[in-house]
Amino acid sequence: MTVSNMPANGGVTQANAVAAGGGRVPANLGDILERVLDKGLVIAGDIQVNLLDIELLTIKLRLVIASLETAREVGINWWEADPWLSADAARGQMAYRSGNGIGELRDEVRRLRGRVRELEAGDEHREHRSS
C-alpha cells in the first residue's frame with residue numbers, strides 16, 4: 001500500500017482494503033462491529049442432559065447482537081418496558097404501585113361489566129321474541 005492510498009487517519013477504508021500483494025487487508029474491529037450492529041447477529045443453541053433417555057436438564061441459549069434501530073426493525077423492543085432500562089417504564093410502574101392507575105382500572109372494569117350485562121340482556125330479549 002502506498003502512502004498516497006493511506007487515509008489521513010491511518011486506517012483502512014473500503015477503497016484501499018486491497019494490499020500490495022493482491023490479498024485483502026483484514027477489516028478493523030470498528031468495521032466488523034459496525035456491520036454486526038447494522039445487520040444483527042443471532043447465536044442460538046440448545047444443551048440437553050439425558051440419563052437413560054430421561055431428560056434431566058434443557059438449557060436454551062439465544063443471543064442477539066444488534067443496534068437498537070435494527071432490533072426495533074425486527075420487532076425486538078423489550079427494553080422499552082423494562083423499568084431498569086427505561087425511565088418511562090419506571091415512571092409507569094411507580095404510578096401503578098402508588099395506586100394512581102388502580103382507580104382507573106376499577107372504573108374500566110365496572111364499565112365493561114355493565115356493557116357485558118347490557119349485551120347479555122339484549123341477547124335474552126331477542127331469544128324470547130324469536131320463540
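This tour moves through the model stop by stop, naming what to select and what is found there.

**Before starting**

The structure is a predicted model, in which local features need pLDDT of at least 70, side-chain atom pairs count only at pLDDT 80 or more, and totals for chains, interfaces and linings use all residues. Residues are numbered from 1 along each chain as its sequence is written, and side-chain values use heavy atoms, with hydrogens and water left out.

**The whole chain**

Display the chain as a cartoon. Its secondary structure comes to four helices and two strands; helices (H or I, at least four residues) and strands (E, at least two) are DSSP runs, numbered from the N terminus. Along the sequence, the order of these elements is α-β-β-α-α-α.

Of the 131 residues, 8% count as buried, where buried means under 20% relative accessible area, exposed over 50%, and partly exposed in between (1.4 Å probe, protein chains only). The chain exposes about 11,400 Å², and carbon and sulfur atoms supply 58% of this area. Accessible areas come from the Shrake-Rupley method with a 1.4 Å probe, and for residues only the protein chains shown count as cover.

**The two strands**

Select residues 41-51, which form strand β1, and residues 54-65, which form strand β2. The two strands run antiparallel and are joined by eleven bridges; strands pair if DSSP finds at least two bridges between them. Within this pairing, Val 42 has Val 64 in β2 as its bridge partner. Two residues lie between the strands of this hairpin, and Leu 52 takes a positive phi near 55 degrees.

**A nonpolar patch**

Next, select Ile 47, Val 49, Leu 51, Leu 52, Ile 54, Leu 56, Leu 57, Ile 59 and Leu 61, which form a nonpolar patch on the surface with about 850 Å² of accessible area together. The elements that give two or more residues to this patch are β1 and β2, and β2 gives the most, with five residues. Patches are made of residues with over 30% relative accessible area and no salt bridge; like charges are joined within 9 Å, and nonpolar side chains (Val, Leu, Ile, Met, Phe, Trp, Tyr) within 5 Å. Ile 59 lies in strand β2 and counts as partly exposed, at 34% relative accessibility.

**Ala 89 in helix α3**

Move to helix α3, residues 87-98, and select Ala 89. Is Ala 89 buried or exposed? At 15% relative accessibility, Ala 89 counts as buried. Beyond its neighbours within four places in sequence, Ala 89 is in contact (heavy atoms within 4.5 Å) with Glu 80, Ala 81, Asp 82 and Pro 83. Trp 79 is ten residues from Ala 89 in sequence, and their C-alpha atoms are 9.1 Å apart.

**Salt bridges**

Finally, show charged side chains. Side chains of opposite charge can pair when their charged atoms come close. A salt bridge is a side-chain nitrogen of Lys or Arg within 4 Å of a carboxyl oxygen of Asp or Glu, and by this rule the count is six.

In helix α4, residues 100-130, Arg 110 and Asp 107 are three residues apart and so separated by about one helical turn. They form a salt bridge whose closest N and O atoms are 3.1 Å apart. Arg 110 is exposed, at 55%, whereas Asp 107 is partly exposed, at 48%.

Arg 111 and Glu 108 also lie in helix α4, three residues apart, and their side chains meet in a salt bridge of 2.8 Å, N to O.

Further along, Arg 115 and Glu 118 meet in a salt bridge of 3.3 Å, N to O. For the last stop, select Asp 46, Lys 60 and Arg 62, which salt bridges with shared partners join into one network.
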